[in-house]
Amino acid sequence: MDKKNLSERDICTKLITPALEKAGWNKLTQFLEEVSFTDGKIYVRGKMTARGERKRADYVLYYKPNIPIAIIEAKDNKHSVRAGMQQALNYARILDIPCVFSSNGDGFLFHDRTATDAQIEEEIPLDNFPTPQQLWEKYKKYKGIITPDAEKIAAQPYYADGSGRNPRYYQQIAVNRTVEAIANGQNRILLVMATGTGKTYTAFQIIHRLWKSGAKKRILFLADRNALIDQTRRGDFKHFKDKMTVVKHRQIDKSYEIYLALYQGLSGSDEAANVYKQFSPDFFDLIVIDECHRGSANEDSAWREILSYFKNATHVGLTATPKETEETSNSEYFGEPVYTYTLKQGIDDGFLAPYQVVRVALNVDAEGWRPEQGKTDKAGNLVEDRVYNRSDYDRKLAIDERTDIVAQKVTEFLKGYDRFAKTIIFCVDIDHAERMRSAMARHNADLVAENYKYVMQITGDNDEGKRELDNFIAPEERYPVIATTSELMTTGVDAQTCKVIVLDANINSMTKFKQIIGRGTRINEEYGKRYFTILDFRNATDLFADTAFDGDPIRIKPVSEEEDLSTIVEEDENNTTPIIDEVSGEEIEMTPQPPVIRYPSLPGGGMAQEPRQKVYVNGVDVSVLVSRELYFDNQGKPITTSLKDHTKGIIQGKFASLDDFLNRWNTTERKEAIVAELLEQGVLVEALYEAVDKEVDLFDLICHVAYDQPPLSRKERANNVKKRDYFTKYGPQSKKVLEALLDKYADEGITNIESMDVLKVKPLTDFGSPVEILKEFGGKPNYLKAIKELENELYKITA
């Protein structure tokens, strides 16, 4: 057998797999091939979406299902045995795997992440691959598992319901690290996982493994909202069946093993309400605290008393947003997280929805509003004379026109996007949510007339609205479409199909901001939810610039006074620039918020009245201001020079002269490779296309920006080729194919004609199947040669 003629897949099938089986690895339960462990990042243009490439390991080896202990990266035999090692090490880091192998079919290179000496890397023969027990010993060393009892707990199988559902890689890591930490005697554990990443499922697997192993016999799951308890009971925890109970009406039954409870249901302001004391302090040996960034993090809270009472139990805290302030600290109580999976990781892996931001600056927000002399409120009382600003609106002062223009702009956006896209409008308080519901109803009177539940106020005081919360969450329910809320929906609401989040509340807490953004991050492919949009009326998205935020938006779009939000999606969809393979850092510079200044009464005017709780006014001129975009580099720092100068510096740093660039361009097989390189260097390609008001391709964009060459549009380049009568050397049918490809280039750019898939779409399909077209050129090599020559002709004039 000549290995040099074998493909990578052949190397796996004929050489690596037999070597594993010979070493005692069970093909059915102990190793998987071609393991895709991410879903592929989602890219968005208008209403169109596409997924990027998944990360895929050639082999993952397991001691038991979901306990991965080794990874193998394979290459064909034209590569060395070491060629796959760097990729394998990267995947091993992501997957938390200690034993790393690369192979080309001759043997294996073994990298031992538990070693600290010269034995860290060694070549081993093909027929001497380590056994499962040998690598399990390495894994135990890597995890610090020493005693037989700890090993028993760490090796406890996951729960499997027969549906084929398996945890995602980061859930595996979270479960394994938590179980292993407890097996090793750790009693305070913190898990940080972004909203929408399956914390409840993770908690279920942790609890089930510890319960089944006998390490923990009675377990309490604590939350602070009924919705969280109900979702947990009906969801993953249903597999506990009759072993589980929900504590209700302060009634305690000690015959169960798994308890779900609200903090508020166990404690209260008087001793009689503290029903948790009906349990002995040692009754529970495991307590899992959901959303632990809230009450339990605060040292003097009543909720913390419950944890203190059961202090001998193991406490596991779950949160998307750990809280760290002078008064409150998750890490001080639980210690540093055993694992963190961030919003940015979730978006990059394709498990969470990306988002774009539309920022709307109102004149009264940016400039402040001072009542004119003698201005009275709607009750006829004189309005206190001072400058009001964003921090006052809807908290101390409610301006009818401001509420109305927010409702108008949200409606505009939905009309251009999807009027039945589930939307949450976050308001300052319940009163503001009530007024916003009314304003949205007026601007959507046609749909409200069809069904009054089109827009609903869902707040803690509104029973009818609260009853509709489940319908809003349920993907299959059409109504309500729009929910106005203040605090009730900021957390613990699994709104899988929420596509629009409107921020009309002042958000100063990073914890709260992340929780609100988390309402939109879930993906539901079945119902077309792959991304969401944030409409920001309060500059709340300034928090994206905070170092504590970890998941940047696709883009930030400012809005001018004359701009209709209904056109925003369409404009983006019509953009023909290449999709950028990273989340952009674009932002805009807003007028600074004016300080609160108190003025004395004006001549001729009465003295200002004593401030009341909230003042309601109308007759105020409220409009949208013009804004400009502020761009950020690939380090997240604002670009202070012009966008063109910034780009020119990056490109000239890579290609010193025009000749250097032309040489690279003409010798690169696929131009998208150059696009990817420039994006990695921090070139904001999409923003540059918008700055150059012409339908040019990347070649002209670079030559113009970096080397001051006059740009030609794609159409001009295509016409220049046609004028040169270049196609006369080809037969009639081949000539028609090339002319069609040239037109395709003029419309869509160079990367599309480089792909063989272009032969499967109109108008190329008019000339026959891909096989028939290739035959016209005398085979695939001749066709590819013709495409390369066509590219050279397209760019000849610049050279």
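Predicted model: local features only at pLDDT ≥ 70, side-chain atom pairs only at ≥ 80, totals over all residues.

Trainee: Which residue of β13 stands opposite leucine 220?
Mentor: Leucine 220 faces isoleucine 287 in β13.

Trainee: And how many bridges link β10 to β12?
Mentor: Five bridges link β10 to strand β12 (residues 258-262), again in the parallel sense. Within that pairing, leucine 260 of β12 is the bridge partner of phenylalanine 221.

Trainee: Is β10 buried or exposed?
Mentor: Strand β10 (residues 219-223) has five of its five residues buried, so the rest of the structure largely encloses it. Both of its faces are covered: Ile219, Phe221 and Ala223 are buried on one side, and Leu220 and Leu222 on the other.

Trainee: What is the strand order in the sheet that holds β10?
Mentor: The sheet is open and has seven strands, in the order β11-β12-β10-β13-β14-β9-β15, with parallel pairing. β11 (244-246) and β15 (339-341) are at the edges; each has a single partner strand, so one side of each lacks a neighbour in the sheet. On average, neighbouring strands are turned by 15 degrees against each other, direction ignored.

Trainee: Which strand is joined to β15?
Mentor: Strand β9 (residues 188-193) runs parallel to β15, and three bridges join the two. Valine 192 stands opposite threonine 340 of β15.

Trainee: Which helix packs on this sheet?
Mentor: Helix α5 (residues 169-183) packs on the sheet and touches β9, β14 (314-319) and β15. The direction of α5 makes about 175 degrees with that of β9.

Trainee: How do β5 and β6 pair?
Mentor: Strand β5 (residues 67-74) and strand β6 (residues 99-103) pair in the parallel sense over five bridges. One of the facing pairs is isoleucine 71 with valine 100 in β6.

Trainee: Which residues have the most contacts inside the largest nonpolar core?
Mentor: They are Phe101, Phe129 and Tyr169, in a core of 86 residues. Helix α5 gives the most to this core, with nine residues. Phenylalanine 129 touches residues including Trp25, Leu61, Ile72, Phe101 and Phe108. There is also a second, separate core of 75 residues, with Leu343, Val357, Val406 and Val500 among them.

Trainee: Last topic: which residues of α25 are buried?
Mentor: In helix α25 (residues 714-723), the buried residues are Arg714, Arg717, Ala718, Asn720 and Val721. Seen down the axis of α25, they fall within an arc of 155 degrees, so they line one face of the helix.

Trainee: Why can residues that are separated in sequence point the same way?
Mentor: An α-helix has 3.6 residues a turn, so residues three or four places apart point the same way.

Trainee: What do the buried residues of α25 pack against?
Mentor: They pack against α24 (698-707), α26 (732-748) and α29 (780-795). The face of α25 turned away from the buried side carries the exposed residues Lys715 and Lys723. After α25 comes aspartate 725, whose phi is positive, near 55 degrees.

How values were computed: Residues numbered from 1 in each chain as written. Heavy atoms only, no water. Pairing = 2+ DSSP bridges. Helix = DSSP H or I, 4+ residues; strand = E, 2+ residues; numbered from the N terminus. Axes fitted to C-alpha atoms, helices over the stretch in contact; angles between N-to-C directions. Contact = heavy atoms within 4.5 Å. Buried < 20%, exposed > 50% of the residue type's maximum accessible area, 1.4 Å probe, protein only. Core = buried A, V, L, I, M, F, W, Y, C linked by side-chain atoms within 4.5 Å. Arc of directions from axis to C-beta.
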